[in-house]
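Work through the following exercises with the sequence and the coordinates at hand. Each task is followed by a solution in steps.

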Amino acid sequence: MPQEHLDSEVLQRSPVSSLRAEAIARIRNSLRPGQQQMADWQSGPLAISAVPGAGKSTGMAAAAAIALARQYERSAESRSSLRRQLVVVTFTRSAAANIKTKIRKYLRDDLSLPQTGFFVYTLHGLALNIASRHPDLSGLQLEYVTLITPTQSHRLIRTAVEQWIGNNPERYLRLLEGHQFDGEETERLRRQSVLRTEVLPELANTVIHEAKSSGISPELLQEWSEQTTDEYAILSVAAGLYEQYQNLMRSRDFIDYDEMILAALRVLENDSARRIEQNQVFAVFEDEAQDSSPLQTRLLEILASNSEDEEMGRWGEFPTQHSALNLVRVGDPNQAINSTFTPADPIYFRQFCQECDRIQRLATMDRAGRSTKIIIEAANFALKWINNQWSTTNRNPDAMNRVSTKSPLPDTDNRQVPFRLQTIRPVDAGDPQTNANPAPVGRGLELYTPRDIHHTVELLSQRAIELFGKDPTKNSAAILVRENRQGRWLAEALAPVCKEHNITLYDVGERDRRSHVPQEILALLQFCDRPHSPDYLKAALETLVQRQLISTQDLNALASLPEEFLYPSPLAAPQSEPVQKAAHLCRSLLRARLELPLYQLISFLALTLNYDQAELATADKLAERVNQQVASNSSMRAMLSALSEIVSSERFEPVETEDSEERYTRRGQLTIITMHKAKGLDWDYVFIPFLHENLIPGRFWVPPQSQFLGDFTLSEVARAQIRAALHGESTIPDVTQAWELAKQLKISEEYRLLYVAMTRAKLLLWMSAAQKAPFTWSKPENLQEQAPCPVFPALKRQFPECVATSAMIAK
């Protein structure tokens with residue numbers, strides 16, 4: 001439809017005054033085509049599938065302000081005293097604050113309206129708001145319950161594991177036997193340690209969040225388990241762990257974030273309460289919809305429904321075209337990067353897009369002004385190449401990343417190609433964005449194949465010096481890594497060069513590690529209190545490994561016999577050097593426990609862990625807090641109790657001297673950040689080193705210590721089985737099928753993560769895959785030949801002019 005017809009239609013159909021209609025038209029005309037479709041929304045469902053850099057938050061803020069203007073006019077015309085609100089939901093608190101500011105600006109500066117009539121929530125904030133207004137229906141008495149997070153509930157999960165073992169000795173014994181077992185005592189102790197501290201807690205943690213976020217009860221999960229026939233009865237074990245966890249939560253008056261969503265839904269099951277909540281809302285706008293879980297989707301659908309429309313159907317069922325479901329969902333299925341470690345599942349937003357497309361309510365925001373054109377071309381090529389390879393793989397099992405198909409896979413949506421076929425397009429001429437699709441620096445895309453990771457640092461630092469040399473304060477840059485251990489190694493390697501050339505180096509992982517200070521201190525103190533506990537010894541050793549104070553080794557073997565490890569007898573086999581170092585460090589901790597007063601222990605442990613200045617400040621703050629709490633009863637038990645409460649409630653914030661997310665993108669700064677944390681951010685220059693196949697897409701592997709159970713992990717098999725049931729599959733896949741599905745889910749997500757990383761760059765995208773790299777970054781000194789990420793050679797073939805020559809690399 002021609003632009004003038006669209007503008008005319010907006011002016012004619014919008015029940016607003018002429019002056020305000022002109023203001024709305026000005027806002028609309030300042031938007032891109034995809035954003036304009038969002039701004040034209042008046043009622044009903046609408047799906048917006050947006051590419052990276054398309055301006056989702058700007059478009060949503062403009063659409064929200066326009067919707068509010070129309071709602072103000074409707075309320076004035078109907079002389080209604082009841083003014084309904086617009087509810088805007090997004091994924092993080094920082095995103096919520098950002099979009100709230102933009103909506104207020106549009107209302108104030110463009111529409112001359114009061115900055116009210118809307119609320120911006122995170123999904124859990126919205127659920128808590130509903131549940132707390134109806135405590136009798138929700139069952140949430142906030143003054144009597146404690147909110148815990150999945151990380152905090154880890155202690156509860158361990159307790160649930162112990163209780164399940166006590167109640168199910170035969171099932172536990174079957175797990176202990178694994179595929180084969182000769183009854184040898186040392187091996188039995190090792191397997192016990194692996195099951196109790198790793199396998200079963202991981203299974204419980206995965207299944208509880210996966211099932212609970214989908215509204216699946218332990219009883220229903222137990223019913224599903226009856227459809228499976230595997231030797232370990234994995235789903236039945238998971239259901240038992242889930243039941244124990246729920247019992248513990250109720251007995252201790254704890255709730256988790258999934259319980260908040262469930263509590264809000266319990267409120268909305270009541271007809272009267274549901275009408276009250278729905279009558280306060282005229283529409284719901286959701287951002288980052290690809291990260292929603294089934295329960296979250298259901299909550300928004302109910303709120304967005306007209307109170308007179310009671311025919312909501314089953315969960316996930318799409319309403320008819322004439323339904324008063326005033327729901328606008330914006331997301332990018334190609335940026336779904338949380339589904340392998342959270343209950344988020346992009347399939348639900350994909351289905352919403354498909355249903356909206358069927359009734360012609362799907363809009364696409366495919367114009368993006370963030371990146372220079374060659375970066376857009378590279379991202380589009382990677383997307384299409386991966387999808388093509390994926391299709392080839394499904395026909396040829398050995399075509400890509402050696403994905404095997406030993407057992408026929410069920411026909412499931414989990415086998416969808418990793419990406420929705422959605423091409424990023426440059427913006428049109430005259431786009432309102434300043435410097436949209438900027439000119440590239442150099443070629444805009446640079447592809448390197450260094451000799452090894454040390455050569456990678458040389459090349460990366462040389463390029464960074466060149467880029468920052470002219471005017472360090474003018475541009476921003478980031479190094480995106482797959483895991484924090486890479487970032488830590490890079491920070492140490494780059495620090496001298498950056499210091500010499502006055503380049504500010506900021507390692508985001510260091511800041512994140514400060515938030516783990518209470519947990520690390522607690523692990524060491526629990527060991528000092530009960531050194532003969534295998535669990536506490538292993539937790540302390542894990543902390544020492546993470547802090548790189550001792551080398552990575554088989555901690556289960558050390559923890560299974562604490563006395564022999566700490567104080568070996570003359571008849572014991574000689575300890576290796578790494579084991580001797582670990583034992584010596586542990587004994588020094590025990591000696592400090594005996595020699596130092598309690599109030600000095602936390603400070604001593606902080607120094608032992610080689611904390612940096614900010615971490616030491618956090619530890620001092622922690623010590624002061626704990627010492628205040630135990631002043632009237634100074635004992636190790638009281639100190640552990642106080643510290644456990646801090647860790648389990650996460651009320652303790654690390655010491656910070658800087659602002660929030662802006663510190664990641666500050667100009668003149670070289671930021672080291674993980675690809676996951678980089679989502680939603682952008683920089684002028686982006687470096688992506690270490691692109692190797694063993695990390696992206698990675699290989700699903702079973703930790704050596706748990707291979708006695710088989711060539712799979714219980715937690716991933718259970719996750720795949722639950723998702724198959726949720727997706728409406730006719731049968732629940734067996735163990736082999738579920739493991740293959742889990743592999744495909746992981747590979748898809750890793751490729752989407754790479755796509756997210758590539759699309760963070762504006763002027764220059766620098767990518768490299770060294771010929772030699774570590775197999776594991778816990779031992780970066782052990783270099784070996786590593787195959788590149790499969791996309792990398794394809795990019796080199798597609799963009800030969802961007803490949804660094806041997807002469808360039810040799811400089």
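**Exercise 1.** Determine in which strand Glu-446 lies and whether Glu-446 is buried or exposed.

Solution. Glu-446 lies in strand β9, residues 445-448; helices (H or I, at least four residues) and strands (E, at least two) are DSSP runs, numbered from the N terminus. The model is predicted: local features need pLDDT of at least 70 and side-chain atom pairs pLDDT 80 or more, while totals for chains, interfaces and linings use all residues. Residues are numbered from 1 along each chain as its sequence is written, and side-chain values use heavy atoms, leaving out hydrogens and water. With a relative accessible area of 11%, Glu-446 is buried (buried is under 20%, exposed over 50%, partly exposed in between; 1.4 Å probe, protein chains only).

Next, look at its partners. The side chains of Glu-446 and Arg-463 are joined by a polar contact of 2.8 Å (N or O atoms within 3.5 Å; within protein, one able to donate a hydrogen and the other to accept it, and residues adjacent in sequence count only if both atoms are side-chain atoms). Leaving aside residues up to four places away in sequence, Glu-446 also touches residues including Leu-765, Trp-766 and Cys-802 (contact means heavy atoms within 4.5 Å).

**Exercise 2.** Give the strand order of the open sheet of 6 strands, and name the edge strands.

Solution. The order is β9-β14-β13-β10-β12-β11, with parallel pairing (two strands pair if DSSP finds at least two bridges between them). The edge strands, β9 and β11 (504-507), each pair on one side only. Inside the order, β13 (residues 683-688) and β14 (residues 761-768) pair over 5 bridges. Here Trp-683 stands opposite Ala-761 in β14.

**Exercise 3.** Find which residues of helix α26 are buried and where they fall around its axis.

Solution. In α26 (residues 598-608), the buried residues are Leu-598, Leu-601, Ile-602, Leu-605, Ala-606 and Thr-608. They fall within an arc of 165 degrees seen down the axis, so they line one face of the helix (the arc is that of the directions from the helix axis to the C-beta atoms). Tyr-599 and Leu-607, on the other side of α26, are exposed. Asn-610 follows α26 and has a positive phi, near 60 degrees.
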